[in-house]
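Me: I'd like to learn how to read a two-chain model, one feature at a time. Could you walk me through it?

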Amino acid sequence: MAYEIRKAAVLGAGVMGATIAAHLTNAGIECVLLDIIPFEFTEADKAQGLTEKSPAWRNRFAESGLAGVLKAKPAGFFTKKNAAMIRTGNFEDNLGWLADCDWVIEVVIENLKIKQELFARVEKVVKPDCIVTTNTSGIPIRDICAKFGPKLKANFLGTHFFNPPRYMKLLEIIPGAETGPELVTYMTRFCEEVLGKGVVVCKDVPNFIGNRIGIFDMSNAIRLMIDRNLKIDEVDAIIGKALGRPGTGIFGLLDLVGLDTGGHVMSNLYEAAPEDEMREVFVPVEFMAKMVELKWLGNKTNQGFYKRTKGADGKKGKLVLDYRTMEYYPATKPQYESVSAARKKADEGVATTLKVMFNGTDAAADLTREYLCDNFIYAANRIPEICDTIVGIDNAMKWGYNHQLGPFETWDAVGVQAAVEVMKRLKKKVPKKIEEMLKKGSGSFYVTKEDGLYFYDFEKKDYVKLEANPRIILLPELKARNRTIRKNQSATLLDIGDGVACLEFHTKMNAVDDGMIEMILESCAIVEKDFSGMVVGSHAANFSAGANVFKVLIGIQMGDWDILERLIAEFQHANMRMKYLSKPVVAAPAGLSLGGGCEMAMHGAKCQPYGETYIGLVEVGVGVIPAGGGCKELMVRLTEGLPEGVIEAGLSLQHVYAKAFENIAMAKVSTSAVEGMELGYIRKTENISLNRDQQLWDAKQAVLGIAKFYRKPKPAMIPVMGENFRGMAEAILYNMRQGNYASDYDVHVSRKVAYILSGGDCAEGTLASEQEILDLEREAFLSLCGEKKTQDRIMHMLNTGKPLRN
Amino acid sequence: MSDAVIVEAVRSPGGRYRRGGLAATRGDEIGIQVLKGLLARVPQLKPEDVDDVIVGCSFPEAEQGMNLGRIIALGAGLPNTASGMTINRFCSSGLQSIADATAKVRAGWSEVIIAGGCETMSHIPMGGGNFRPGPDWLYDGSMPNVYVSMGVTAENVSANYNVSREDMDKFGMESNRRAYEAIKAGKFKGEIIPITAFKYKVLKNGKRVREKFVFDADDGVRWPTRLEEMAKLKSPFKEGGNVTAANSSQMTDGAAFCLLMTQEKAKAIGLKPLARLAYFAVAGCRPEEMGIGPALAIPKVLKMAGLTTKDIDVYEINEAFASQALYSVRAIGIEDRLAAGDVNPNGGAIALGHPLGCTGAKLTAQLLHELKRRKAKRGIVSMCIGGGMGAAGIYEML
């Protein structure tokens with residue numbers, strides 16, 4: 001059967017249901033969002049002029065779920081406009097809408113009877129090939145589908161999202177005993193390629209993989225804290241970044257999730273996993289039970305393990321709970337020798353910092369050792385109970401709990417043998433399969449061989465090759481296979497197959513420097529001769545955070561204006577070279593794509609952004625203006641596609657240029673690729689990759705898609721408003737200055753932006769060449785570099801990482 | 001010289017910006033209907049007797065462009081012989097047109113003139129569709145800034161003349177209360193010409209249709225309103241500023257007209273004179289604090305007439321912003337009259353709206369009907385004007 005999901009229904013509009021629906025719209029899937037009708041019709045409803053027949057009353061839960069996700073932080077939608085793709089309703093009146101849905105996902109309360117009753121009704125209305133799933137995190141899949149007919153059983157499985165669904169990569173797929181294998185294959189692909197998730201196929205066991213290991217991890221940390229008489233903020237200081245864990249720490253995370261939810265999952269696990277050798281740690285400790293009783297549930301009740309305060313003077317403070325006295329005290333920053341030592345080696349990566357912590361000699365290291373060893377043993381003992389391979393467990397913890405390394409990767413980092421010795425010293429029971437593995441001479445869980453990555457399979461008692469997804473292009477692997485064409489310290493050009501090259505940046509934050517510019521130019525020459533096209537992108541968190549302002553500052557301090565001018569001219573040249581290359585260049589921005597990064601991303605023939613792309617021209621923050629063709633290209637983008645003759649006929653572009661001006665003068669940055677489109681930095685016709693791992697492959701397909709008939713673009717002639725735009729900008733800036741929204745220097749810098757956007761000294765309706773605008777950019781950039789306040793802004797940014805308003 | 005008398009003054013209801021009753025109706029159409037309604041009230045007048053139609057408009061472009069005066073005149077069914085013109089002094093345009101008509105009639109240059117104003121803010125933005133401030137104008141304070149945003153001027157008045165946020169909010173609330181009471185009491189019914197307006201609707205089958213409906217009451221009043229809620233609003237014009245949506249005038253659509261003629265003509269065709277615009281003055285000030293205009297124009301016109309504030313029974317001082325209206329009231333020493341209900345007795349532009357070029361004629365209609373109800377003698381219509389001016393006119397009932 002060929003499945004295809006175009007339209008979905010989400011049943012249950014709580015936080016999880018509504019945010020799942022929002023993410024589905026991010027992937028372009030229309031959604032129906034239903035919930036129950038309110039329990040009772042109140043006097044207050046009546047006073048509002050509602051009746052029991054009003055949709056506003058009947059759909060209240062679904063409506064408020066949608067309203068909630070529109071306000072959620074971080075945002076659930078790529079753009080609030082996506083809310084129009086969600087149709088809200090209720091289970092009583094609108095279940096019929098499910099008839100043309102391709103996927104129905106249930107996200108109602110965790111109550112077996114309620115779920116079963118709802119599914120019984122769903123079964124009657126859905127079309128025969130509709131995929132039906134549950135987002136349960138604690139109820140066995142087999143119980144939920146026990147009463148289904150055979151048809152629905154075959155089309156049913158668990159799809160367990162992690163909160164918040166837009167940002168958390170993990171999605172656990174739990175097939176039922178009778179789920180069709182082709183459905184599991186389809187859903188895995190769909191969730192990976194369309195929704196951008198990292199899928200781990202799980203067994204129908206309590207709490208599946210992520211929460212089983214994750215809850216143990218947290219519960220055990222609490223137990224160790226009490227045993228060792230440590231404080232809450234001490235534990236969070238130790239089990240943090242040095243161990244490859246999120247900065248929130250364990251208790252910060254529990255506050256975020258909510259103690260009631262966390263406690264519920266723990267007790268659920270205690271009941272559901274009677275065979276678990278560590279079961280006792282799931283019994284909520286006394287002080288946590290007390291906290292739940294007091295409704296100190298975490299961030300949602302404004303206090304949990306931590307409590308944020310705001311003094312009369314408006315100063316924010318942070319208190320932490322002393323669980324022995326149940327009183328809050330001001331949080332300190334606990335210092336540990338091992339943690340400081342690890343921090344100093346942060347640049348060497350998490351494997352190094354883990355080793356430093358694991359081999360330390362202080363109390364933090366003592367906790368680290370016992371905590372990690374418990375985790376290792378627990379994870380190893382869960383194979384094959386909850387997962388057949390170490391890979392599934394590692395992925396689940398990385399993707400669902402933001403651990404930098406999964407338990408087995410962590411174990412590899414500290415050394416398998418070394419950890420086993422510590423376990424013995426701590427009198428822990430070393431799992432038999434580990435002893436066997438070591439006895440066989442296999443000293444690590446993962447090994448890299450010539451043909452790729454292998455993992456240790458406990459059942460086969462040998463290494464097994466990790467099956468590579470052909471849609472995941474791994475640049476380090478290609479480098480290992482000698483696919484490098486050219487490289488310098490800033491960038492590398494690689495052959496990614498099928499006649500396509502990839503230009504990868506690798507400076508710190510991928511800041512633009514002369515080496516990068518040099519490689520763009522060299523790559524263009526090579527690609528023009530030997531390839532069908534080029535992808536510009538990398539695996540780094542950020543496409544490029546902008547120009548290397550440190551180098552700009554050095555140029556300024558040396559008073560070497562020629563060097564600065566040459567640098568800017570070269571960068572402009574490199575961007576124009578990409579734009580007008582006879583072979584297509586596809587930029588693949590992701591993460592921060594700011595300033596120079598935004599400019600590079602704008603100068604491809606096409607763009608294939610990752611959904612989480614934060615793009616914008618932010619140069620005014622350091623007192624300069626976009627001078628790598630950013631102003632110019634935004635002007636091209638916002639005015640391209642106008643019908644012939646309309647400028648000559650007098651079309652006013654004032655709102656178009658006001659938008660460009662606002663973008664640049666206010667340093668607007670998108671919160672998603674879609675917002676990047678709304679700002680005008682990415683064309684609305686481009687495709688967005690939701691799966692970061694597959695983005696380079698997607699970009700490569702984009703190159704191949706256009707390569708055959710590709711012709712470089714005709715030089716753009718940009719319609720400008722000339723001095724009339726300057727006048728407009730002056731009037732706007734005056735008002736902003738008066739309202740104190742801009743400083744004198746902001747006005748000064750913005751005037752330069754306005755002059756560039758106006759096209760210089762010319763009349764409204766003039767058609768300016770790209771080079772004319774580039775010249776204006778360069779001139780403005782250099783003149784601002786000569787100003788003290790711009791230099792102060794650059795210095796401040798280098799020192800603090802934040803813009804200075806002077 | 002013959003005196004110019006006003007025999008009738010009418011207005012459309014004020015329709016809220018973009019969501020109100022007139023939002024889908026063209027500005028010229030609103031003007032045409034008000035003019036037709038006016039003519040219908042004076043069957044004694046032969047259409048061919050109308051010599052000229054003067055229409056005030058602040059942004060005379062797009063649908064209220066070309067020559068709106070002529071378009072409204074012919075659109076309302078006046079014969080080709082009736083001329084038409086459009087004049088602009090921003091927010092005083094509607095009063096200026098009545099002043100100009102009065103002067104023309106008094107001079108003997110015209111016998112019958114219809115004068116007023118018309119503005120559709122839902123369709124024509126402040127600043128107009130093609131805002132083109134001078135690029136070489138100096139914005140550093142060395143030249144008066146004629147392009148300054150109105151909100152900024154209101155913040156300036158609040159800051160420079162110590163008008164507090166609390167007083168402004170209270171003023172705004174009182175405006176709404178008075179307007180609500182006036183509408184409830186049916187006070188505006190006599191002056192309002194109901195408009196057959198349009199609205200666009202999407203039918204269940206997805207088809208869009210244009211529907212007619214009768215729009216007959218001001219729809220901008222916000223009542224009940226709470227000071228605590230008002231206090232939460234933020235100024236869009238200044239960081240930590242005092243001027244908010246709740247203490248500023250609303251953007252509004254509307255039209256209003258007066259019928260003026262020589263005293264003799266009125267007598268000849270049997271029409272009873274209602275009032276006359278006895279005196280009119282404009283006064284200039286700094287554009288950056290244009291809101292103080294009434295504080296300059298009112299004393300100027302009183303001096304011209306040889307009167308004092310005590311001689312005036314009712315004031316209609318346009319509430320462009322609470323900051324400037326309240327300051328003006330205080331500056332000319334009539335705060336007690338405000339409290340007594342002699343200033344803006346039926347609410348002002350904060351509740352009923354400020355359709356720029358129409359406002360002067362709209363306030364004239366409100367004032368004359370209020371004076372008539374009170375059987376009172378004299379009233380003043382005054383307003384501030386963008387670019388730094390004030391206008392004031394003294395009406396005398398006949």
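This is a predicted model: local features need pLDDT of at least 70, side-chain atom pairs count only at pLDDT 80 or more; totals for chains, interfaces and linings use all residues.

Me: What does the radius of gyration say about chain A?

Reply: The radius is taken over C-alpha atoms, and the globule rule is 2.2 Å times the number of residues to the power 0.38. For 806 residues a compact globule would come out near 28 Å, and chain A has 29 Å, which agrees. The C-alpha trace of chain A spans about 80 × 70 × 65 Å along its principal axes.

Me: How much of chain A is buried?

Reply: A residue is buried if 20 or more other C-beta atoms lie within 10 Å of its own, exposed if 12 or fewer, and partly exposed in between, with C-beta atoms placed from the backbone. By that count, 49% of the 806 residues of chain A are buried.

Me: And how many helices and strands does chain A have?

Reply: Helices (H or I, at least four residues) and strands (E, at least two) are DSSP runs, numbered from the N terminus. Chain A comes to 33 helices and 24 strands.

Me: Which domains does chain A have?

Reply: Domain bounds come from an automatic or database assignment. In chain A they are domain 1 (7-201), domain 2 (210-464) and domain 3 (476-638 + 649-715). The C-alpha centres of domains 1 and 2 of chain A lie 32 Å apart. Contact means that C-beta atoms, placed from the backbone, lie within 7 Å; nine residues of domain 1 of chain A touch nine of domain 2 of chain A. On the domain 1 side, β7 (170-175) and β8 (198-201) of chain A are the elements giving two or more residues.

Me: How is chain B divided?

Reply: Chain B has domain 1 (4-125 + 192-220 + 249-275) and domain 2 (150-187 + 277-393). Their C-alpha centres lie 22 Å apart, and the contact takes 41 residues from domain 1 of chain B and 32 residues from domain 2 of chain B. On the domain 1 side, the elements giving two or more residues are β1 (4-11), α3 (93-107), β5 (112-120) and β8 (252-262) of chain B. Of these, α3(B) gives the most, with eight residues.

Me: Where do the two chains meet, and which helix of chain A gives the largest share?

Reply: The contact takes 15 residues from chain A and 16 residues from chain B. Helix α30 (residues 723-738) of chain A supplies 10 residues, the largest share of the chain A side.

Me: How do I read a sheet?

Reply: Strands of a sheet pair through backbone hydrogen bonds, either parallel or antiparallel. Here two strands pair if DSSP finds at least two bridges between them. One open sheet of three strands in chain A has the order β9-β10-β11, with antiparallel pairing. β9 (306-310) and β11 (327-330) of chain A each have a single partner strand, so one side of each is left without a neighbour in the sheet. β9(A) pairs with β10 (residues 316-322) of chain A over five bridges, and Arg308(A) stands opposite Lys318(A) in β10(A).

Me: Which strand pairs with β9(B)?

Reply: β9(B) pairs in the antiparallel sense with β12 (residues 389-397) of chain B, over nine bridges. In β12(B), Ala392(B) is the bridge partner of Ala281(B). β9 (residues 275-284) of chain B is mostly covered, with eight of its 10 residues buried.

Notes:
Residues are numbered from 1 along each chain as its sequence is written. Chains are lettered from A and ligands numbered from 1 in the order in which they are written. Two residues are in contact if their C-beta atoms, placed from the backbone, lie within 7 Å.
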